[in-house]
Amino acid sequence: MEIRQALSGNEDLAILSSVATGEQEALDKYDQLLVDPLTHADHLDLLKTQRAGIADALREIQAWYQQIGQREG
């Protein structure tokens, strides 16, 4: 079953909101690490790749939130 089909209703919006909050906190931590790239030069590419993956996931979560909100709203 696709996650979009499994998610519906206000409870699901609350779950997606919580997940989005966690993803945003992770992005904030990555941004703090990437402020001084020389400190993490030996694994800078990995940090940037991981941050990009989290940002992509957050955008997808936000899109699902909007889709469910429009159906319910």
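A: Begin with exposure: buried means under 20% relative accessible area, exposed over 50%, and partly exposed in between (1.4 Å probe, protein chains only). Aspartate 56 has a relative accessible area of 45%, so aspartate 56 is partly exposed. This is a predicted model, in which local features need pLDDT of at least 70, side-chain atom pairs count only at pLDDT 80 or more, and totals for chains, interfaces and linings use all residues. Residues are numbered from 1 along each chain as its sequence is written, and side-chain values use heavy atoms, with hydrogens and water left out.

Q: What does pLDDT tell me, and where in the protein chain is confidence lowest and highest?

A: pLDDT is the predictor's confidence in each residue, from 0 to 100. Where pLDDT is low, the predicted coordinates should not be read in detail. Here the protein chain averages 87, and 86% of the residues score at least 70. Confidence is lowest in helix H1 (residues 3-6), with a mean of 57, and highest in H3, at 93.

Q: How many helices and strands does the protein chain have?

A: Helices (H or I, at least four residues) and strands (E, at least two) are DSSP runs, numbered from the N terminus. This chain has 3 helices and 0 strands, in the order α-α-α from the N terminus on.

Q: How many residues does H3 have, and what span is expected for it?

A: The expected span of a helix is 1.5 Å times one less than its number of residues. H3 has 29 residues and reaches 42 Å from its first C-alpha to its last, close to the 42 Å expected.

Q: Which residues make up the largest nonpolar core?

A: A nonpolar core is a set of buried Ala, Val, Leu, Ile, Met, Phe, Trp, Tyr and Cys residues joined through side-chain atoms within 4.5 Å. The largest one here has 12 residues, including Leu16, Tyr30, Leu58 and Trp64. Helix H2 (9-34) and helix H3 (44-72) are the elements that give two or more residues to this core, and H3 gives the most, with 7. Over the whole chain of 73 residues, 23% count as buried.

Q: Where is histidine 40 found, and is histidine 40 buried or exposed?

A: Histidine 40 lies in the loop between H2 and H3. Its relative accessible area is 17%, so histidine 40 is buried. Contact means heavy atoms within 4.5 Å. Leaving aside neighbours within four places in sequence, histidine 40 is in contact with Leu33 and Leu47. Proline 37 is placed in the loop between H2 and H3 too, but it counts as partly exposed because its relative accessibility is 33%.

Q: How many salt bridges does the structure hold?

A: Side chains of opposite charge can pair when their charged atoms come close. A salt bridge is a side-chain nitrogen of Lys or Arg within 4 Å of a carboxyl oxygen of Asp or Glu. The structure holds 2. In one of them, arginine 51 pairs with aspartate 31, with the closest N and O atoms 2.5 Å apart. This pair links distant parts of the chain, with arginine 51 in helix H3 and aspartate 31 in helix H2, 20 residues apart. Aspartate 56 also forms a salt bridge, with arginine 59, at 2.2 Å between the closest N and O atoms. Both of these residues lie in helix H3, 3 residues apart, about one turn of the helix.
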